[in-house]
Amino acid sequence: NPSCPSADIVALYHELMPLNPRVKVLNDTRKKAIRARWKEAALLTSKPFGYSNRQEGLAAWREFFEVCAESDFLTGKVPAQPGRPSFVADIDFLMSPTGFARCLENKYHREAQA
């Protein structure tokens with residue numbers, strides 16, 4: 001499958017989720033997580049994923065971040081629990097196996113469905 005354009009994926013995250021925490025350091029740990037999700041997403045059959053080249057892959061990730069940006073929860077617009085800050089998704093959350101799967105399954109768009 002196509003090699004992972006980590007920096008391009010981070011750029012899409014910054015462009016489409018501008019109020020979320022910025023990635024200031026693209027270290028090996030983050031690159032490894034992004035690479036793992038890039039490979040996983042290429043093989044998925046659920047939209048927007050499943051791709052065989054870099055161009056299709058970046059288009060799919062653009063769509064993924066667009067959907068994430070519509071979630072009040074992921075963008076920190078949901079009121080916090082007393083004594084706790086609002087949750088805001090960062091690149092580490094979105095690229096974690098659990099966070100990615102939950103985003104893909106629209107677990108954080110409940111407010112839109114309510």
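Reader: Which backbone atom does the side chain of H14 reach?

Author: In this predicted model, the side chain of H14 reaches the backbone nitrogen of V23, at 2.9 Å. H14 itself belongs to helix α1, which spans residues 6-16. Leaving aside residues up to four places away in sequence, H14 touches R22 and V23.

Reader: Is H14 buried or exposed?

Author: The relative accessible area of H14 is 15%. Buried means under 20%, so H14 counts as buried.

Reader: What does the side chain of S96 reach?

Author: The side chain of S96 reaches the backbone oxygen of F93, at 2.8 Å. As for N27, 69 residues apart from S96 along the chain, the C-alpha atoms of the two are separated by 15 Å.

Reader: Which residues are buried in α5, and why are they on the same side?

Author: The general idea comes from the helical repeat. An α-helix has 3.6 residues a turn, so residues three or four places apart point the same way. In α5, the buried residues are G99, F100 and C103. They cover an arc of only 95° around the axis, which is why they lie on the same side of α5.

Reader: What covers the buried residues of α5?

Author: The cover includes α2 (28-43), α3 (54-69) and α4.

Reader: Which residue follows α5, and what is its phi?

Author: N106 follows α5, and the phi of N106 is positive, near 55°.

Reader: How are the axes of α1 and α3 arranged?

Author: Two packed helices are described by the angle between their axes and the distance between the axes. For α1 and α3, the axes come within 9 Å and cross at roughly 30°. Angles under 35 degrees count as roughly parallel, and α1 is therefore roughly parallel to α3. The crossing of these two helices, α1 and α3, is right-handed.

Reader: Which residues of α1 and α3 meet?

Author: On the α1 side, the residues are D8, I9, L12, Y13, E15 and L16. In α3, they meet R54, L58, W61, R62, F65, E66 and A69.

Terms used. Residues numbered from 1 in each chain as written. Predicted model: local features only at pLDDT ≥ 70, side-chain atom pairs only at ≥ 80, totals over all residues. Heavy atoms only, no water. Helix = DSSP H or I, 4+ residues; strand = E, 2+ residues; numbered from the N terminus. Buried < 20%, exposed > 50% of the residue type's maximum accessible area, 1.4 Å probe, protein only. Polar contact = N/O pair within 3.5 Å; in protein donor to acceptor, adjacent residues only side chain to side chain. Contact = heavy atoms within 4.5 Å. Arc of directions from axis to C-beta. Axes fitted to C-alpha atoms, helices over the stretch in contact; angles between N-to-C directions. Parallel < 35°, antiparallel > 145°, perpendicular 65-115°, else oblique. Left-handed = near helix turned anticlockwise from the far one by under 90°.
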